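Please have the sequence and the structure open as you read.

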Amino acid sequence: MNSLTINANSPVSTRRIGEAVGKALGSGDVVLLAGPLGAGKTTLTQGLALGLGITESVMSPTFVLMRELKGRLPLYHLDLYRLENLPEISDLGLDDYFYGDGVTVVEWADRAGVLLPEEHLRVDLEYAGNRSRSLCFTARGERYEQLLTGLAARFEAKS
Ligand SMILES: Nc1ncnc2c1ncn2[C@@H]1O[C@H](COP(=O)(O)OP(=O)(O)OP(=O)(O)O)[C@@H](O)[C@H]1O
Ligand SMILES: [Mg+2]
């Protein structure tokens with residue numbers, strides 16, 4: 001399966017979906033997040049962190065660009081919002097995260113354009129009401145397609 005849309009009707013629901021994804025993540029996995037301000041990218045990341053067994057609180061790393069959190073695997077949480085151009089993003093050395101042993105989650109991932117790895121799990125978050133968000137997952141690569149199939153079994157047709 002290479003795409004799946006799940007509706008989350010509250011931040012708790014978004015975290016729960018993230019937690020299920022986080023539990024399925026493994027070493028070297030990359031999750032790219034897109035969607036407007038306040039769509040829930042950090043909230044989803046809080047769930048991913050829970051699923052990775054991280055107990056530290058997850059805040060938006062907007063002003064530090066990257067935070068490393070320690071769980072079952074390291075979580076590299078990046079936020080590219082403030083970065084305007086590709087050379088600036090290139091300086092971050094993203095490949096060290098993407099091809100490292102941990103899990104990489106990138107908010108505002110589209111800012112990195114061609115620097116992004118071909119294989120990844122992408123989530124487009126959209127407003128669907130005051131406390132409702134639609135989470136559109138896209139899998140690029142077999143590994144992530146399998147992950148989505150597992151997620152669908154759990155969340156499809158539920159909110
Ligand atoms: N269903 C929902 N899922 C996630 N967040 C929700 C939901 N409903 C309401 N919210 C609220 O929307 C806000 C989402 O904020 P969050 O920081 O996760 O967004 P973001 O996409 O990371 O924003 P930014 O682009 O500024 O980093 C929070 O205040 C949260 O409580
Ligand atoms: Mg955020």
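A polar contact is a pair of N or O atoms within 3.5 Å; within protein, one must be able to donate a hydrogen and the other to accept it, and residues adjacent in sequence count only if both atoms are side-chain atoms. The model is predicted, with local features needing pLDDT of at least 70 and side-chain atom pairs counting only at pLDDT 80 or more, while totals for chains, interfaces and linings use all residues. Residues are numbered from 1 along each chain as its sequence is written, chains are lettered from A and ligands numbered from 1 in the order in which they are written, and side-chain values use heavy atoms, leaving out hydrogens and water.

**His120 and its surroundings**

A polar side-chain atom of His120 lies 3.3 Å from the backbone oxygen of Glu118. His120 sits in strand S6 (residues 120–127); helices (H or I, at least four residues) and strands (E, at least two) are DSSP runs, numbered from the N terminus. Is His120 buried or exposed? His120 has a relative accessible area of 10%, so it is buried; the term means under 20%, with exposed over 50% and partly exposed in between (1.4 Å probe, protein chains only). Beyond neighbours within four places in sequence, His120 is in contact (heavy atoms within 4.5 Å) with Val30, Leu32, Thr138, Ala139, Arg140 and Tyr144.

**The ligand site**

Ligand 1 is surrounded by 16 residues, the closest being Thr14, Gly38, Lys41, Thr42 and Thr43; a residue is near a molecule if one of its heavy atoms lies within 4 Å of it.

| Residue | Part of the residue | Distance to an oxygen atom of ligand 1 |
|---|---|---|
| Ala39 | backbone | 3.2 Å |
| Thr42 | backbone | 2.8 Å |
| Thr43 | side chain | 2.6 Å |

On its own, ligand 1 has 640 Å² of accessible area, and the protein covers 74% of it; such areas come from the Shrake-Rupley method with a 1.4 Å probe. Helix H1 (11–24) and helix H2 (41–51) are the elements that give two or more residues to the shell. The largest share, 3 residues, comes from H2.

**Helix H2 and strand S5**

In H2, 9 of 11 residues are buried, among them Lys41, Thr42 and Thr43. These buried residues of H2 pack against H1, strand S2 (30–34), strand S4 (74–79), S5, S6 and strand S7 (133–140). After H2 comes Gly53, with a positive phi near 80 degrees.

Val105 belongs to strand S5 (residues 103–107) and is buried because its relative accessibility is 0%. Thr45 and Leu48 are among the residues that Val105 touches, as are Val31, Leu33 and Leu75. The loop between S5 and S6 holds Trp108, a residue other than glycine with a positive phi near 55 degrees. Most residues other than glycine have a negative phi.

**The nonpolar core**

A nonpolar core is a set of buried Ala, Val, Leu, Ile, Met, Phe, Trp, Tyr and Cys residues joined through side-chain atoms within 4.5 Å. The largest one has 49 residues, and Val21, Leu25, Leu75, Val123, Leu135, Phe137 and Leu151 touch the most other members. Helix H5 (residues 142–155) gives this core its largest share, 6 residues. Setting aside residues up to four places away in sequence, Leu25 touches Val31, Leu48, Leu52, Arg72, Leu73, Val103, Arg143 and Leu147.
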